[in-house]
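Keep the 3D view open as you read.

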Amino acid sequence: MTESSTAATQDAPAPIIAISNVWKYFGSLPALQDVSLDVASGERVVIIGPSGSGKSTLLRSINRLEEIDQGSIVVKGQNIMSPDNDINLVRQNLGMVFQQFNLFPHKTVLENLTLAPIKLRKLSREEAESRALGLLKKVGISDKANVYPAMLSGGQQQRVAIARALAMQPDIMLFDEPTSALDPEMVGEVLDVMVKLAEEGMTMVCVTHEMGFARTVADRLIFMDQGQIVEQGRPETLFTTPRHPRLRQFLNQIL
Amino acid sequence: MHDKKDGSKGNIIMVTEGASIPDPREWRLINAWSIALVGAVSTLFALCLLWPEPYLRILLYLPDGVLITFKITVLSICCAVPLGLLTGLGRISNNRLINLVASTYVEVIRGIPLLVQIFYIYYALSRFVQVSGVTSAVVAISFCYGAYMGEVFRAGITAISKGQSEAARSLGFNGFQTMRYVVLPQAMRTILPPVGNECIAMLKDTSLVSIMAVPDIMQRARSFVGTTYLYFETYTVVALIYLVITLILSKTVSIMEARLNYYDGK
C-alpha cells in the first residue's frame with residue numbers, strides 16, 4: 001500500500017504549478033471557490049468559461065497579481081504566498097501576456113524586450129539586444145525593433161508583448177485573454193505565435209475564448225463557472241460529449 | 001489602431017494658479033505668448049529710451065534683486081520637487097502611517113496662507129537658530145509648494161493605468177523598480193506642465209519674501225520707492241520684469257513638454 005503510493009508519486013513528476021483548495025473573495029463575493037489544479041511541466045492548459053467565472057482571477061493568482069484568501073499555490077516548488085520566497089524571483093519564471101498588451105509606451109519595441117533582462121537578469125546590453133532581436137524575428141516583427149508601441153497595430157503589439165515575456169526565458173507562460181482586445185483580422189497572427197510556442201513544449205496556461213485554438217493546442221481543457229472548475233479533460237471529449245449541463249449550455253451559446 | 005488608455009494627456013490635473021503654459025503644438029508666429037513677450041519687452045525698451053530718467057535708473061537698480069529672486073526660486077524648486085515627489089508617493093502608499101503623514105502634511109500646509117507660513121517659519125526658526133531671510137524663505141516656500149506638488153505628482157502617478165505596473169511586476173520588477181523604470185517616466189509627461197506651472201507660481205510668490213527684508217526684486221523696488229516716491233514708474237518696471245521672466249519660463253516648460261511627447265506616434 002505504502003510502497004505503491006510512493007512508486008506512484010515517483011512516476012508522476014511533481015507538477016510545475018500546484019493549486020490547492022484556493023478561495024478568493026472580492027468583498028463578500030467568492031471569485032474562486034475551493035479551486036484545485038495541477039499543471040505538469042510542458043502541459044498546455046486552456047481555461048474557458050463565461051465572463052465572471054473566475055478564470056482570469058485564477059490565472060492572475062498564479063503570479064500573485066491577485067492575492068488569494070485561502071489555500072496554496074506552489075510554482076516550481078515555491079509557495080508563492082510564503083514570505084520566505086521572493087515573489088519577484090518567482091515572477092521572473094512566469095511570463096504573462098495581458099488582454100490589453102500593456103507594452104511600455106515610452107520605450108521602443110527593442111527596449112520593451114531588453115528592460116527586464118538587463119535590469120533583472122543582469123544581461124549586457126549587447127546580449128539582451130541580440131536575444132531580443134531573435135525573439136522579434138520569431139514573432140515576425142523584426143523590422144519594427146526601433147519604433148514605439150503606439151506605431152504598431154494591436155496584433156503587432158500583442159506579439160511584442162509575448163516576445164517581451166519570453167525575453168525573461170520563463171518556464172511557464174500565462175495568457176490572459178490575449179486575443180480579446182484585437183480586431184478579428186489580427187487574431188490569427190497572435191494565435192500563430194502561441195501555437196508555435198506550444199509546439200516548442202512551453203508550459204502554458206491560457207484563458208481564452210478562441211475555441212479553435214483550445215481544440216488544437218490544449219492538452220487539457222478546463223471549464224470554469226461561478227468560481228469553480230466544473231469540468232475538465234481532453235478538449236475533444238469536452239467539445240463532443242460535455243457532461244455538465246452548464247458546459248453544454250456554454251458551448252451552445254458560443255459555437 | 002487601438003487608442004491606449006495609459007499615458008493619456010493629463011486632463012485630470014487641474015491647475016488653478018500660475019502662468020499658462022503655451023501649447024507646445026502652437027507654432028504660429030502670432031499667439032498670446034508672443035504678443036505678451038514682445039509687448040512687455042518693447043514697452044520696457046520704449047520707456048527706457050523715451051524717458052531714461054527715471055525708467056532706466058529704475059531698471060539698472062533692480063538686477064541685484066533679480067539675482068536674489070532667481071536664487072530663492074532655484075533653491076526652492078530643488079527642495080520642493082523632491083519633497084513633492086515623496087509626498088505624492090506617500091499619498092498613494094499602502095502603508096497607513098506614511099499615507100497619514102503625507103496626507104496630514106498636505107492638508108495642513110494647504111490650509112495656511114504662504115505669507116503666514118513665511119512669517120511663521122522665519123520667527124519660529126529664529127527662536128532656535130539664527131537663520132538668514134533667504135534660508136527661511138526657501139524653507140517656507142519649499143514646504144508650501146512641496147504640498148501643492150505632492151498633489152500633482154499623486155494625480156500624475158495614478159493617471160498611469162494599472163496595467164503598466166502589473167506588466168512590470170509580472171516581469172519580476174519590485175515596487176521601486178516599477179516606479180523608477182515604468183510608471184514615473186510616463187507620469188513625467190502629465191506631471192511636467194503643472195509642476196512647471198507651480199515653479200512659475202513659486203517665482204512670483206517669492207515676491208512675498210520682500211517683507212522679511214530679503215533684497216529680491218520687490219524689496220529693491222520698495223527701497224527705491226522709499227527714497228524717490230516714484231510709485232507708478234517703479235512698479236510698472238517691476239511688473240514688466242516679472243512678466244518677461246515668467247513668459248520665458250513658461251516657454252521653457254512648453255518646449256520640455258513637447259520633447260516628452262516623443263513616443264506619441266503622431
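The contact between the chains (contact meaning heavy atoms within 4.5 Å) draws 34 residues from chain A and 23 residues from chain B. Before going further, a word on conventions: this is a predicted model, in which local features need pLDDT of at least 70 and side-chain atom pairs count only at pLDDT 80 or more, while totals for chains, interfaces and linings use all residues. Residues are numbered from 1 along each chain as its sequence is written, chains are lettered from A and ligands numbered from 1 in the order in which they are written, and side-chain values use heavy atoms, with hydrogens and water left out.

Chain A and chain B bury about 2,500 Å² between them, and 61% of this is on carbon and sulfur atoms. Buried area here is the accessible area (1.4 Å probe) that two parts lose on being put together, summed over both. On the chain A side, the residues that lose the most area to chain B are A:F104, A:P105 and A:H106, together 22% of what that side buries.

What about polar links across this interface? The rule finds five residue pairs in polar contact between chain A and chain B, both residues being at pLDDT 80 or more. A polar contact is a pair of N or O atoms within 3.5 Å; within protein, one must be able to donate a hydrogen and the other to accept it, and residues adjacent in sequence count only if both atoms are side-chain atoms. Several elements of chain A each supply at least two residues to the side that touches chain B: helix 3 (87-92), strand 6 (94-97), helix 4 (109-119) and helix 6 (154-166). Helices (H or I, at least four residues) and strands (E, at least two) are DSSP runs, numbered from the N terminus. Helix 6 of chain A gives the largest share of that side, four residues. Sorted by class, the side of chain A that touches chain B has 19 nonpolar, nine polar and six charged residues; Ala, Val, Leu, Ile, Met, Phe, Trp, Tyr, Cys and Pro count as nonpolar, Asp, Glu, Lys and Arg as charged, and the others, Gly among them, as polar.

Now turn to the charged pairs. Side chains of opposite charge can pair when their charged atoms come close. Which residues form it? A:R60 forms a salt bridge with B:E166, the closest N and O atoms being 2.6 Å apart. Because A:R60 lies in helix 2 (residues 55-62) of chain A and B:E166 in helix 7 (residues 162-171) of chain B, the pair joins two chains. A:R60 counts as buried at 11% relative accessibility, and B:E166 counts as buried at 12%. For these labels, buried means under 20% relative accessible area, exposed over 50%, and partly exposed in between (1.4 Å probe, protein chains only).

Within chain A, A:D171 forms a salt bridge with A:K76, the closest N and O atoms being 2.6 Å apart. This pair links distant parts of the chain, 95 residues apart: A:D171 sits in the loop between helix 6 and strand 7 (172-176), and A:K76 in the loop between strand 4 (70-75) and strand 5 (78-79). A:D171 is partly exposed, at 28%, and A:K76 is partly exposed too, at 45%. The side chains of A:R159 and A:E189 also meet in a salt bridge (3.0 Å, N to O). Here helix 6 of chain A, holding A:R159, is linked to helix 7 (residues 184-199) of chain A, holding A:E189, 30 residues apart.

Finally, look inside chain A at strand 9 (residues 220-225). Six of its six residues are buried, so strand 9 is largely enclosed by the rest of the structure. In a regular strand the side chains alternate between the two faces of the sheet. Both faces of strand 9 are covered: A:R220, A:I222 and A:M224 on one side and A:L221, A:F223 and A:D225 on the other are all buried.

Which strands pair with strand 9? Two strands pair if DSSP finds at least two bridges between them. Strand 3 (residues 44-48) of chain A pairs with strand 9 in the parallel sense over four bridges, with A:F223 as the bridge partner of A:I48. Strand 10 (residues 228-233) of chain A pairs with strand 9 in the antiparallel sense over five bridges, and A:I222 has A:Q232 as its bridge partner. Strand 9 and strand 10 form a hairpin with two residues between them, and A:Q226 in the turn has a positive phi of about 50°.

Notes: Salt bridge = Lys/Arg side-chain N within 4 Å of Asp/Glu carboxyl O.
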